[in-house]
Amino acid sequence: IITSVLGVNHYMTARGLNYGSLLAFCLIWGFGGAFISLAISRWIAKFSMGITAINPENCTTEERNLYNRVAKLAQKAGLPKTPEVGIYESADLNAFATGPSKSRSLVAVSTGLLNRMDSQEIDGVLAHEISHIANGDMVTMTLVQGVVNAFVMFFARIVAYATTQFVKEDIRPLVNMIVVIVLEILFSILGSIAVAWFSRKREFRADYDGAQLAGK
């Protein structure tokens with residue numbers, strides 16, 4: 001709907017590609033998909049992981065303890081409000097943070113982590129996740145992924161168009177579709193290297209800031 005309203009969905013003209021329309025088309029799709037995923041990230045996480053959100057007004061002693069730890073770290077990190085806190089069943093030692101903003105975030109912890117880590121270790125993990133929220137890493141990574149998505153689509157279509165000029169006109173649509181799919185897969189793999197590099201840097205930053213928050 002958006003690309004139609006803006007008139008950028010018809011980037012293929014009789015004279016060839018309209019690069020301005022193609023770039024706008026790819027930016028809308030690349031960033032649109034990334035930000036839609038971010039907007040529904042809390043719901044997707046709770047649904048896919050079977051996360052039980054803690055109600056601080058009605059919870060067990062263990063749940064209250066976990067919630068209070070997150071609340072204390074969130075306040076120390078300067079977050080506008082305490083993130084939603086949840087627990088999910090898993091033997092893995094794992095925790096993660098997600099959400100579209102600092103005021104609409106989620107910190108989820110596995111039962112394996114709660115059962116096998118001591119108090120200081122849990123604080124360290126929680127501080128790491130709170131740091132991700134405080135640093136805006138979810139939004140930052142969404143922007144990075146949006147740029148990668150857009151350029152993957154953009155260059156795949158340019159190369160595909162150039163390729164179709166060497167085949168018969170009646171099979172060009174089919175060849176174009178196949179080449180676009182293959183190149184998007186290839187370019188996405190290459191783009192994921194840049195995303196992973198940037199993500200690792202944000203992880204190191206969360207480690208550093210988490211150490212400051214946890215106190216050790």
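# Cores and helix packing in a predicted model

Me: Let's start with T111, is that one buried or exposed?
Reply: T111 has a relative accessibility of 15% and therefore counts as buried, the cut-off for buried being under 20%. Bear in mind as we go on that this is a predicted model.

Me: Which helix is T111 in, and what does T111 touch?
Reply: T111 lies in helix α5, and, if residues up to four places away in sequence are not counted, T111 touches I87, Y88, E89 and S90.

Me: What about the largest nonpolar core, how many residues has it and which have the most contacts inside it?
Reply: The largest nonpolar core has 25 residues, and those with the most contacts inside it are L66, V107, V109, L113, L114, L126 and I130. The elements that each give two or more residues to this core are the helices α4 (61–77), α5 (111–116) and α6 (119–134), together with the strands β4 (84–88), β5 (95–101) and β6 (104–110).

Me: Which element gives the largest share of this core?
Reply: That is α6, from which seven residues of the core come.

Me: And L114, what does it touch?
Reply: Setting aside residues up to four places away in sequence, L114 touches E62, L66, I87, V109 and I122.

Me: What other core lies apart from the largest one?
Reply: Another core, of eight residues, lies apart from it, and its members include L17, F25, C26 and F154.

Me: Switching to helix packing, at what angle do α4 and α6 cross, and within what distance do their axes come?
Reply: The axes of α4 and α6 come within 9 Å and cross at roughly 45 degrees, which makes α4 oblique to α6. The crossing of these two helices, α4 and α6, is right-handed.

Me: Which residues make that contact?
Reply: On the α4 side the contact is made by L66, R69, V70, L73, A74 and A77, and on the α6 side by S119, I122, D123, L126, A127, I130 and A134.

Me: How do they divide into nonpolar, polar and charged?
Reply: Of the residues in the contact of α4 with α6, 10 are nonpolar, one is polar and two are charged.

Me: Last one, E63: where is it found, and what is it in contact with?
Reply: E63 is found in helix α4, and, leaving aside its neighbours within four places in sequence, E63 is in contact with I54 and I87.

Me: How far apart are E63 and A156?
Reply: E63 and A156 are 93 residues apart in sequence and, taken C-alpha to C-alpha, 49 Å apart in space.

Methods
Residues numbered from 1 in each chain as written. Predicted model: local features only at pLDDT ≥ 70, side-chain atom pairs only at ≥ 80, totals over all residues. Heavy atoms only, no water. Core = buried A, V, L, I, M, F, W, Y, C linked by side-chain atoms within 4.5 Å. Buried < 20%, exposed > 50% of the residue type's maximum accessible area, 1.4 Å probe, protein only. Helix = DSSP H or I, 4+ residues; strand = E, 2+ residues; numbered from the N terminus. Contact = heavy atoms within 4.5 Å. Axes fitted to C-alpha atoms, helices over the stretch in contact; angles between N-to-C directions. Parallel < 35°, antiparallel > 145°, perpendicular 65-115°, else oblique. Left-handed = near helix turned anticlockwise from the far one by under 90°. Nonpolar A, V, L, I, M, F, W, Y, C, P; charged D, E, K, R; others polar.
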